[in-house]
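Subject: Handing over the structure

Hello,

I am passing this structure on to you, and I hope you enjoy looking through it. Please open it alongside this message.

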Amino acid sequence: MTISELLTALALPENARVDKRIPKKLLLDSGVPTSADKRLIHDGIAEMSWLAALKPSNIGVAEVRGGEHDYIEIAVVSAQFNQSARGTRLIELFHRAIPYPLVLLSAQEGAVTLSLAHKRASKAESEQVVLDGELTTAVFDPGAITESEKAFLISLSLSSQPSANLFTLYRGWMDKASALSAARITGKFSVGDTCREDARRSALAEYYNLQVEISALRGQVEKETQLNHRVDMNLKIQRMEVRVGQVKDLL
C-alpha cells in the first residue's frame, strides 16, 4: 500500500486538487506545545504536501456553520516521516495544527496510515478549534493487502460517502476506518448506519482496552509467587476473555 494508492481510492475531483508542498513553518507556527515537538517536526518530517481542499464549490457538498462543528472545508494532506521519528505523535500534531477537518495520509518505514479526527470550536478560546474525540486511523503494513483492506479501499471513494454536508461526508470516512479496524478482528468488512457505527467505535475502544489489561495481568501472573494471588488473577483474566468474546459480537 502507498500514499498514491490511498489517494487514488479517495477518487477526488481534479478541481479540488492543490498539490503544493507544505513548509514545516506551518506546523511550527500553529501552537506546537513543546520544544520537543518542534524538534520532532524539524527532524521527523521528510516532506509534506497539501493534496486537495474539498469545498462546496468543488465537490457540491454543503458546508456546516454556526454550531459546535464548523466544517467549511476538508483538507487532504500527505506526509513522509523519517524512520526514527515518533510517527504517532507527528500524526496528532498535524491534526492539531490544521484547523480544518483533515484527511492525513502518512508513510513511515513502508507502512501507510490514513488518519482522521473531528474538530470542534474551543470552549476556552474563541476562534480556535480543537480535536473532538480520539483519532481514527487505518494502518497498512507493507506487502499484499487483505480482502478486508480491498473492500475498505473500494468504500473510500468520495462519491460513496454521505453527502448531506461536509460533516457527514467526513464522518463517512471515519466510519469506514472504524469498519476496517473491526474487520481485522472479525474477518469481515461491513459498514452500518450512524447508530451502528457509534456502537462499533465504543466496542472497539473496549476491545483494545481489554486486550491491554489482559496482557498486563498475564505479565503480573508470571511474576506472582503466591498461589492464591495467581489463581485470583487467572480467574480475572478468564472473565475478561469472556467479555472480549461478547465485545467481538458487537463489532
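Below is what was found in it, taken one region at a time.

A word on the basis before the details. This is a predicted model, in which local features need pLDDT of at least 70 and side-chain atom pairs count only at pLDDT 80 or more, while totals for chains, interfaces and linings use all residues. Residues are numbered from 1 along each chain as its sequence is written, and side-chain values use heavy atoms, with hydrogens and water left out.

Let's start with strand S5, residues 111-116. Helices (H or I, at least four residues) and strands (E, at least two) are DSSP runs, numbered from the N terminus. Six of the six residues in S5 are buried, where buried means under 20% relative accessible area, exposed over 50% and partly exposed in between (1.4 Å probe, protein chains only). Both faces are covered: one side carries Ala 111, Thr 113 and Ser 115, and the other Val 112, Leu 114 and Leu 116.

S5 has strand partners too; two strands pair if DSSP finds at least two bridges between them. Strand S4 (residues 102-108) pairs with S5 in the antiparallel sense over five bridges, and Leu 104 stands opposite Ser 115. The two strands form a hairpin with two residues between them, and Glu 109 in the turn has a positive phi of about 50 degrees. S5 also runs antiparallel to strand S8 (residues 136-140), joined by five bridges; there, Val 112 has Phe 140 as its bridge partner.

Next, the helices. H8 (residues 194-223) and H9 (residues 227-249) pack at an angle of about 160 degrees, with axes 10 Å apart; axes are lines fitted to C-alpha atoms, for helices over the stretch in contact, and angles run from 0 to 180 degrees between N-to-C directions. H8 is therefore roughly antiparallel to H9 (under 35 degrees counts as roughly parallel, over 145 as roughly antiparallel, 65 to 115 as roughly perpendicular and the rest as oblique). Among the residues that meet are Leu 210, Ile 214 and Leu 217 in H8, and Met 233, Ile 237 and Met 240 in H9.

Finally, have a look at Ala 85, in the loop between strand S3 (74-81) and helix H5 (87-97). Ala 85 counts as buried because its relative accessibility is 13%. Leaving aside neighbours within four places in sequence, Ala 85 is in contact (heavy atoms within 4.5 Å) with Leu 40, Gly 44, Leu 90 and Gln 108.

Best wishes
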